[in-house]
Amino acid sequence: MFGFKIWWGSGVLAMLALASCDKQKVTGPRMVYKGPFMETTNVLTLVSDSAKLKFQLTAPLEQQFENGDIIYPKGMMVTFYSADGKKTVINTLRANYGKSDKGKNLYIMRGKVHVVNVPERQNMRTEELFFDKNKQLIYTDTAMFVKVETPTEYIDGYGLKANQNFSLYSIKRPTGILAKTGAGL
């Protein structure tokens, strides 16, 4: 639609042309972007309490979403430190994929999950693990297969619950315990 307006002012004829377009209706479903709003590479996140480092998270790629969740599509590693503030590594959690669920304050780790308690020389392997930051617990679903190796034995079964430094743990349904040869048993 076009409109013209003509007026006289100071002996000058002026003409103004106004143009407008009719609004066009958009057809089809409205597309809403649900991907990350921010990506960061080579991430190092430090978490402290009372100026003492509690744990650090490292990842090659971090994707942050609008709801506050964070995804680590190329893997992640969480390193726990001693409470004395000396930066002694107590435990590590490593996985091929990770997610931080902000609403639950929970880390979800998947794909070749490996837990290591450094002082106790204990290892645990599984395919999915949860780390609850509020309760300071690591655990698996009761149907998830886990394999634990200590200096004296191999233990496997289904479902695991442990404190965050993996010094105390229980397997819900153990399926096998095998003593290591030469372990002094």
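Which residues does Thr140 touch, not counting residues up to four places away in sequence? In this predicted model, the residues touched by Thr140 are Thr126, Glu128, Leu129, Phe130, Val146, Gly159 and Leu160. Thr140 is located in the loop between β11 (137-139) and β12. With a relative accessibility of 7%, Thr140 counts as buried, because the limit for a buried residue is set at under 20% relative accessible area. The side chain of Thr140 also reaches the backbone nitrogen of Leu160, at a distance of 2.9 Å.

The overall architecture is considered next. The protein has 14 strands and zero helices, and the pattern read along the sequence is accordingly β-β-β-β-β-β-β-β-β-β-β-β-β-β. Of the 185 residues in the protein, 35% are buried. The accessible surface comes to about 12400 Å², and carbon and sulfur atoms account for 54% of this area. When contacts between residues at least 6 apart in sequence are taken, 35% of them join residues at least 24 apart.

Aromatic pairing was examined across the model. A pair of aromatic rings is described by the distance of the centres and the angle of the planes. The structure holds seven aromatic pairs. One of these is formed by Tyr107 and Phe131, whose rings are stacked, with 5.9 Å centre to centre and 5° between the planes. This pair links distant parts of the chain, as Tyr107 belongs to strand β9 (residues 106-117) and Phe131 to strand β10 (residues 122-132), 24 residues apart. Both partners fall in the buried class: the relative accessible area is 6% for Tyr107 and 1% for Phe131. An edge-to-face arrangement is found for Phe145 and Tyr158, because the ring centres are 5.4 Å apart and the planes stand at 65°. Here too the pair links distant parts of the chain, with Phe145 in strand β12 (residues 145-149) and Tyr158 in strand β13 (residues 153-163), 13 residues apart. Phe145 is partly exposed, at a relative accessible area of 36%, and Tyr158 is likewise counted as partly exposed, at 28% relative accessibility.

The charged end of Lys87 sits over the ring of Tyr81, at 5.9 Å from the ring centre. The charged end of Lys180 sits over the ring of Tyr154, at 5.1 Å from the ring centre. Lys180 additionally takes part in a salt bridge, with Glu149 as its partner.

Side chains of opposite charge can pair when their charged atoms come close. The count of salt bridges in the model comes to three. In the bridge between Asp69 and Lys99, the closest N and O atoms are 3.7 Å apart. Asp69 lies in the loop between β4 (52-64) and β5 (70-72) and Lys99 in strand β8 (residues 97-101), so this bridge ties together parts that are 30 residues apart in sequence. The relative accessible area of Asp69 is 11%, which places Asp69 among the buried residues, while Lys99 counts as partly exposed at 22% relative accessibility.

The partners come from distant parts of the chain, Arg110 from strand β9 and Glu128 from strand β10, 18 residues apart. Arg110 counts as partly exposed, at 35% relative accessibility, whereas Glu128 is buried, with a relative accessible area of 16%.

In the bridge between Glu149 and Lys180, the closest N and O atoms are 2.7 Å apart. Glu149 lies in strand β12 and Lys180 in the segment after β14 (169-179), so the bridge ties together parts that are 31 residues apart in sequence. Glu149 is partly exposed, at a relative accessible area of 29%.

How values were computed
Residues numbered from 1 in each chain as written. Predicted model: local features only at pLDDT ≥ 70, side-chain atom pairs only at ≥ 80, totals over all residues. Heavy atoms only, no water. Phe/Tyr/Trp six-rings, centres within 6.5 Å; stacked < 30°, edge-to-face > 60°. Helix = DSSP H or I, 4+ residues; strand = E, 2+ residues; numbered from the N terminus. Buried < 20%, exposed > 50% of the residue type's maximum accessible area, 1.4 Å probe, protein only. Lys NZ or Arg CZ within 6 Å of the ring centre and 35° of its normal. Salt bridge = Lys/Arg side-chain N within 4 Å of Asp/Glu carboxyl O. Polar contact = N/O pair within 3.5 Å; in protein donor to acceptor, adjacent residues only side chain to side chain. Contact = heavy atoms within 4.5 Å. Areas by Shrake-Rupley, 256 points an atom, 1.4 Å probe, with all protein chains shown as cover.
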